[in-house]
Structure formats: structure tokens, C-alpha cells
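Biologist: I would like to learn how to read a few features of a protein model. Where do we start?

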Amino acid sequence: MKVNSMKTRFSSSLPSRGMIVIPVLENKMKDEGLSGLDEKSDGAILRAVAAAGFKGKSGESLTIAGPAGFEEVVLVLMGVGKADALEDEDALNIGGKALALAKGKATEVAVMPAALEEEAFAKTDLAPQLCLGALLRAYDFDKYKKKTAPKDQTPLETFTVITDADEKALEDVSAIAEGVYLARDLVSEPPNVLFPESYATRCQALEKLGVEVKILDEAEMTKLGMGSLLGVGQGSIRESRLVTMNWQGGQKGEAPIALIGKGVTFDTGGISLKPGAGMEDMKFDMGGSAAVVGAMHALAARKAKANVVGLVGLVENMPGGNAQRPSDVVTSMSGQTIEILNTDAEGRLVLADVLTYAQKEFSPKAMVDLATLTGAIMISLAHEFGGLFSNNKDLSQELLQAATTSHEKLWEMPLTKTHDEMIKSPIADMKNIGPRWGGSSTAAAFIGRFVENETPWAHLDIAGMAWAEKDLDYCPKGATGYGVRLLDELVRSRYEG
Ligand code: BES
Ligand code: MN
Ligand code: ZN
């Protein structure tokens, strides 16, 4: 399978060229003789291990170039620490780290996981997860590096896992990796290139996979009464858009699950202008929508047996002569009125109308929205978890389980009547901000006011998760694509279990 330019494959035999990465457990090399490798090298490998004092601690690696029996191979022993400290997620971590070791050094890399004790990964499929970790680490957004950095001289062409497992397992892996790549591309694009209209055009490309895509322009949204969403975009010369992406892979006539994303292509704060320092980060304020688009790609690419509709609200939040003001009152599509007290609390205004539209148009069984909604969620959860808010215990349990399985972590946050009371307005049905404290919960409460008939709904505040400030084992610095694997897993467990 090929994502971008790197091919991933399974093979039962060791290659005779390139790099072979062998993840090894701490202080376990001698007992196992590295699954016969040492014998094949006439003892050269364990001699090198002894001479270098290599223990196999996590983070340690030992390169042995061209030992006996492997004349054209660079062997790299990669320490992974003690077996009992390994977790399921380490399958992804190890794949990603192996890729990072080989990057720029080899065109072909193989990982031989035989020296790992597979029991450590009882709950996960080791071989495909190694490939997924490698693919996710291999991502690079270099399309705008025309002259400054020459293209990688030694691009990785193949990543092979030495295993007897069936290569069929790689089909889903590449669908998921493609979805994550798409989400990362969308988040990485600068906002002068990716704005609502151009973004909508990119969504349209999903039609090739059998997704039905519909784009609403401002005239249509005006007719529908989406004063809340349109108010956010009115300060920008870029027109707003609402895109629906419908995947009908399940039973005919069965109500879909709706995945809804905040797609603020740039958030200056509007008239409640953000400070200049760090404002560039706000190109990732469409990270929730990117997760939805990426997930729709993954689901369609792997032909998921489920009915899923993705909806993204695309706007640019700019100050300008026609921008909305603090103290404006807008009427949402639901008919509820909103007093705008801070134009920087715009994401909830966008989501409000998208939620209403989703319910009117699709009567979904459940709704999950994703949004880089509040700075406050990072105060609570740093870059470790997305914040989960829900009106429904079953749905929140499902999501927490999907988060555990996909390793896109969530933590449940409170959403109560008191939070709802905190957004009462003296002149309208609600105001768009609460008091200083509990900002993520009042934001969730605001969105909750647009859920009708107790439809099961969950809101994921992913402000801390859309962007990585440093390289992670299976994600290079930059856009993470957070949410794609989580949503894919949610659909899988709900419909395909
Ligand atoms: N897009 C921001 C939230 C954000 C901040 C995401 C930093 C990622 C990193 C959102 O639109 C926003 O500005 N929220 C305000 C809300 C406040 C005005 C109530 C915030 O969190 O400060
Ligand atoms: Mn904002
Ligand atoms: Zn925002």
C-alpha cells in the first residue's frame, strides 16, 4: 500500500539491502539471541552489543553496518525498554521511531519485531500498527519549500515489517493514514491559500471516493437564517461556506451519525482582536473541521459499513468595516437570539448553526462536534487530551473507549445546568461568553443549547491537540490530524464491531 510516496508492506523474509531496525527489550538480547539473528551474523551482533555496552534502554540505539551475514545491510538495534513497561500505543511509537532512525539514511527500511514479546501487545495488531506509526511519522509538509531546503536526497521508498501477518491488514491502515495526511495538509496550509471557498473545493474531492458533497454559499445560508455563522464571517472579504459530506455505506434509510467541525480558516478574534504574538497559530483554528474531512476520507477509502455525514462550517474571523461588534445581537437558524459580547468567541457561533442544520437536514442518531474552541481547555488538559463534553452517558462512554483504542486521548469534563445558567443574557436568549472561570464548560453549554430533542451529542474541545510544538514519536512537529483516528474508531466500534 502506498501513501504519499512511501510504500508499506509485510514480508516473511529479511531483506538483503537497506536498513533493518530491530526493536529490542532491555537486557533481553542474550537470552533470545535476537531470534536467530546473532547466529546468522556469526556472533557479530552480540559482540557489538557487549563492546558498546548497549543495554536496550528506551531511546538507546546501536548501529552495526555490514556485519557477517548482512554484508549490504545497516542493522540498527533500537532499545524499547522493559517489556512490562510497554503499552499498546508503543506499537505506533516504535514504528514512528524506526522511521525517524531511517529518515535520510536509507531508501528501504525493514523492522523486525520478532525480538519483542508480542504478548506485550495483546490488545493491538502489532504489524499494521508499526506501519501506521511509520506512515504517520513520515509525513512532511514541504510544498512551499521551493529553494531554501533541497528535497530529501534519500527519500524512504519502502517500509517493510518482517511478519507472517496478512497484508490485507494494511488496507485499513493506508485509508486511515491518508485521512490523517489530508487533515494535516488542511491544517498546515496557510490561510491565504486555504479560506472557506478554496477549502470547500478541497472537500469536493471526496466525491471521487463516493461521498456526496454539497456546498452552501452565503446566499443559501442567508435564506436558511444562519445569522450566527454568517455574523462571524461578515468582517472578512472571504465568503463563508457550509459543506456537507454524506457517506452512505450502511443500511439504506438508517439515520446517520453526524460529525461536525469548526472550520475557522483564520481567527484574528475579530473586533475583539487577539494580541499579535502567537496569532499565527490561529491558522489551525479549522483543526476540528480537518478531523471531520480526514475522517470522511478514511471512512470512504475503506468503504466503512456505516452511514456518516460530515458537516463543516467554514468562515474567516476578521476585523473590518462590516465586522460584527461586541453588543450585536444575532438570530441563529434555530430562532434563538445571541448577544455577542466577545467576537473572539466565534467558534461556538459557527457550530450553533451547523448543529441546527445537521438536525433539520439529516435527523442524525447522534452528533459529535470537534473544535479548537477554547484556550481554557489547554489550561486543564495541556496537549495530552481532548476535552469531552456530552449530554449522553452512552455516547461519552463510546467515545472514551474509542479514544483508548485509537490512542487519541479524551478526558471527560463537566457540563451542568449551572454552566448553562452562566450564559444568560439580559437582552437576548443567551450571550456568547460566560464569566472568566470554567470557559470550556460554558462554551460547551452554549453549543448544547442548539441540540434538539435530546439527540445524543458530544462536543470535543481539541484546542490543545491540533498542533504539536515538537516532534512526537509518530507525529512530526506541526499539524497532528488529531481526531481522524478517533472518529474512524468510533464508527468502527459502533457499526462494524
Ligand atoms: N480559537 C480560539 C481558541 C484557541 C486558543 C484555540 C488558542 C487554540 C489555541 C477561540 O476562538 C477563542 O478565541 N476562544 C476564546 C474564548 C473567549 C473569548 C471566551 C479563548 O479561549 O480565549
Ligand atoms: Mn476566537
Ligand atoms: Zn477560534
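Biologist: What arrangement do the six donor atoms around the zinc ion (ligand 3) make?

Modeller: This is a predicted model. Six donors count as octahedral if opposite donors are over 155 degrees apart and all others between 65 and 115. Around the zinc ion (ligand 3), the six donor atoms subtend angles of 78 to 176 degrees, so the arrangement is octahedral.

Biologist: Which residues coordinate the zinc ion (ligand 3)?

Modeller: Lys-262 (NZ), Asp-267 (OD), Asp-285 (OD) and Glu-346 (OE) do, at 2.0 to 2.4 Å. Their spacing in sequence is K-x4-D-x17-D-x60-E. Lys-262 belongs to strand E10 and Glu-346 to the loop between strand E13 and helix H11, so the pair ties together parts 84 residues apart in sequence.

Biologist: Are Lys-262 and Glu-346 buried or exposed?

Modeller: Buried means under 20% relative accessible area. Lys-262 has 2% relative accessibility, so it counts as buried. Glu-346, at 0%, counts as buried too.

Biologist: Which residue coordinates both the zinc ion (ligand 3) and the manganese ion (ligand 2)?

Modeller: Asp-267 does, and the two ions are 3.1 Å apart.

Biologist: How do I read a sheet?

Modeller: Strands of a sheet pair through backbone hydrogen bonds, either parallel or antiparallel. Here an open sheet of eight strands runs E8-E9-E11-E10-E14-E18-E15-E16, with mixed pairing. Strands E8 and E16 stand at the edges with a single partner strand each, so one side of each has no neighbour in the sheet.

Biologist: How many bridges join strand E15 to E16?

Modeller: Three bridges join them, and the two strands run parallel. Gly-387 stands opposite Trp-411 in E16.

Technical notes
Residues numbered from 1 in each chain as written. Chains lettered and ligands numbered in written order. Predicted model: local features only at pLDDT ≥ 70, side-chain atom pairs only at ≥ 80, totals over all residues. Heavy atoms only, no water. Donors = N, O, S within 2.8 Å, 3.2 Å for Na, K, Ca; no water. Tetrahedral: all angles 85-135°; square planar, octahedral: opposite > 155°, others 65-115°. Helix = DSSP H or I, 4+ residues; strand = E, 2+ residues; numbered from the N terminus. Buried < 20%, exposed > 50% of the residue type's maximum accessible area, 1.4 Å probe, protein only. Pairing = 2+ DSSP bridges.
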